[in-house]
Amino acid sequence: MFATTSTTIPVTHHRTATVEGLEIFYREAGPADAPVVVLLHGFPSSSHMYRNLIPALADRYRVIAPDLPGFGLSAMPPREAFEYSFAKFAAIVDGLLQQLGADRYALYVMDYGAPTGFRLALEHPERVAALITQNGNAYEDGLLAFWDPIKALWADNSKAHRDALRPFMTLEITKFQYVDGVKDISRLDPAAWLYDQLFLDRPGNVEIQLDLFYDYRNNVALYPRFQEFFRTHRPPTLIAWGANDSIFPADGARAFLRDLPDAELHLLDSGHFAFEDKADEIVPLIRDFLARHLPA
C-alpha cells in the first residue's frame, strides 16, 4: 500500500503535550523540516483511524494527528470542568500546532475533524496550504434523514431528546458507521470499531458525546462562513468521499464545488469511514494531490 521513496517504512511516534492544562495525545511521523499535514479525526474515533495513512505520507511530509479531548488517549476531563465544544476543540488543536511549530499545513478533515479544521481555517486562513476532506461536511446538503433526531435535540435539549440519541454510542451503531455502504467487509479491521467503543464506554463519556451532538448546531450556523472562506481563499482541495455514506451523503461532497469549482472530487464506492476499505485508492489520490500543492 505504501508508495515510499525508500524501502524503509516511516516510524510513527506516539506523544503527549500539555495544551491549556490538558494532556493531548498525538501521533507524529516524518522529517521535522518537511511540509506539515494535519489529520483531524471524526466521531467516535481518534487518531487511531489514521494508523495506516500516517506512514503512507511520512516519507515526504511531517504528519501530525491529535486525539481531541474526550477521544482516544487524550484527557477526558469531566464536563463540569471543561467545555466540550467544537470551538474549544479548534483552540486546543491550534495550541498544539503552535507548540509543535506547525505554522503552515495541509488539513485532512473527516466528520468532526471538518468543523474543527474549518474553524482553524477561519482563525488562520494564511496557514492552510491545502485541504483534503473525506466525508467532512460543510453544507446543509449533507445533513439529511440521519440528522433528524440530532436536529430535534438542537431545537430542544431535553432529557427525552438526549435519551433518544443514547443508542448512537452503542457498539451496534459504532460498527454500523464502519460497515454501512461497504461492499467488501473483509477489507475492514474489526479492531477499529472495538477500539472506538472502548473509549465511548468510559464512565461519563456518553454525556460528553451528547453535549457535542447539541453543540454541533453551532457548526451549522458557521457553514456560511466556512463557505465564504472557500470562495475567498480558494485553497487547493481534494474531496475523497464515500459515496454510500448515510451520515454525510454524497450531496455534501458535491456541494463543495459551488464554492471551490477547481476542487478535485472523487466519489468512492464506500461508506462513512472510506479510508478503512479504500486506502488503496485514497492514498495515491492524496500523494498525487500533495505532490502538486504541497511539494516536499
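Helices (H or I, at least four residues) and strands (E, at least two) are DSSP runs here, numbered from the N terminus. This is a predicted model, in which local features need pLDDT of at least 70 and side-chain atom pairs count only at pLDDT 80 or more, while totals for chains, interfaces and linings use all residues. Residues are numbered from 1 along each chain as its sequence is written, and side-chain values use heavy atoms, with hydrogens and water left out.

- Eight strands make an open sheet with mixed pairing, in the order 1-2-4-3-5-6-7-8; two strands pair if DSSP finds at least two bridges between them.
- Strand 1 (12–19) and strand 8 (264–268) each have a single partner strand and stand at the edges, so one side of each is left without a neighbour in the sheet.
- On average, neighbouring strands of this sheet are turned by 20° against each other, direction ignored; the axes are lines fitted to C-alpha atoms, for helices over the stretch in contact, and angles run from 0 to 180 degrees between N-to-C directions.
- Strand 1 runs antiparallel to strand 2 (residues 22–29), and 8 bridges join them; Thr12 has Ala29 in strand 2 as its bridge partner.
- These two strands form a hairpin with 2 residues between them, and Glu20 in the turn has a positive phi of about 50°.
- Strand 3 (residues 36–40) pairs with strand 4 (residues 62–66) in the parallel sense over 3 bridges, with Val36 opposite Arg62.

**Helices against the sheet**

- Helix 9 (residues 250–259) lies across strand 6 (128–133), strand 7 (237–242) and strand 8, at about 165° to strand 7.
- Buried residues of helix 9 are Ala250, Gly252, Ala253, Ala255, Phe256 and Asp259, where buried means under 20% relative accessible area, exposed over 50%, and partly exposed in between (1.4 Å probe, protein chains only).
- Their cover includes helix 3 (113–123), helix 8 (205–233) and strands 6, 7 and 8, contact meaning heavy atoms within 4.5 Å.
- Helix 10 (residues 274–293) lies across strand 3, strand 5 (105–109), strand 6, strand 7 and strand 8, running at about 170° to strand 8.

**Nonpolar cores**

- A nonpolar core is a set of buried Ala, Val, Leu, Ile, Met, Phe, Trp, Tyr and Cys residues joined through side-chain atoms within 4.5 Å.
- The largest one has 63 residues, and those with the most contacts inside it are Tyr105, Phe118, Phe213, Tyr216, Phe230 and Phe256.
- Helix 8 gives the most to this core, with 11 residues.
- A second, separate core of 39 residues includes Val63, Met110, Phe273 and Ala274.
- Beyond its neighbours within four places in sequence, Tyr105 is in contact with residues including Val36, Val38, Leu97 and Leu120.

- Most residues other than glycine have a negative phi, and most peptide bonds are trans.
- The peptide bond from Phe43 to Pro44 is cis, with omega near -5°; Pro44 lies in the loop between strand 3 and helix 1 (53–57).
- Asp111 is not a glycine, yet has a positive phi of about 55°; Asp111 sits in the loop between strand 5 and helix 3 and counts as buried at 4% relative accessibility.
- Arg234, in the loop between helix 8 and strand 7, has a positive phi near 45° and is partly exposed, with a relative accessible area of 44%.

**Salt bridges**

- The structure holds 22 salt bridges, each a side-chain nitrogen of Lys or Arg within 4 Å of a carboxyl oxygen of Asp or Glu.
- Glu28 and Arg15 meet in one of them (2.8 Å, N to O); Glu28 lies in strand 2 and Arg15 in strand 1, so the pair ties together parts that are 13 residues apart in sequence.
- Glu28 also forms a salt bridge with Arg62, with the closest N and O atoms 2.8 Å apart; this pair links strand 2 to strand 4, 34 residues apart, and both residues are buried.
- Arg162 and Asp211 form another salt bridge (3.0 Å, N to O), linking helix 5 (residues 159–165) to helix 8 across 49 residues, and both of these residues are buried.
- Salt bridges that share partners join Arg79, Lys159, Arg162, Asp163, Arg166, Glu207 and Asp211 into one network.

**From the record**

- An unreviewed UniProt entry annotates residues 35–279 as "domain: AB hydrolase-1"; UniProt positions are given in the numbering used here, feature names are shortened, and annotations may be inferred rather than shown by experiment.
- The end C-alpha atoms of residues 35–279 lie 22 Å apart, and the span is 44% helix and 13% strand.
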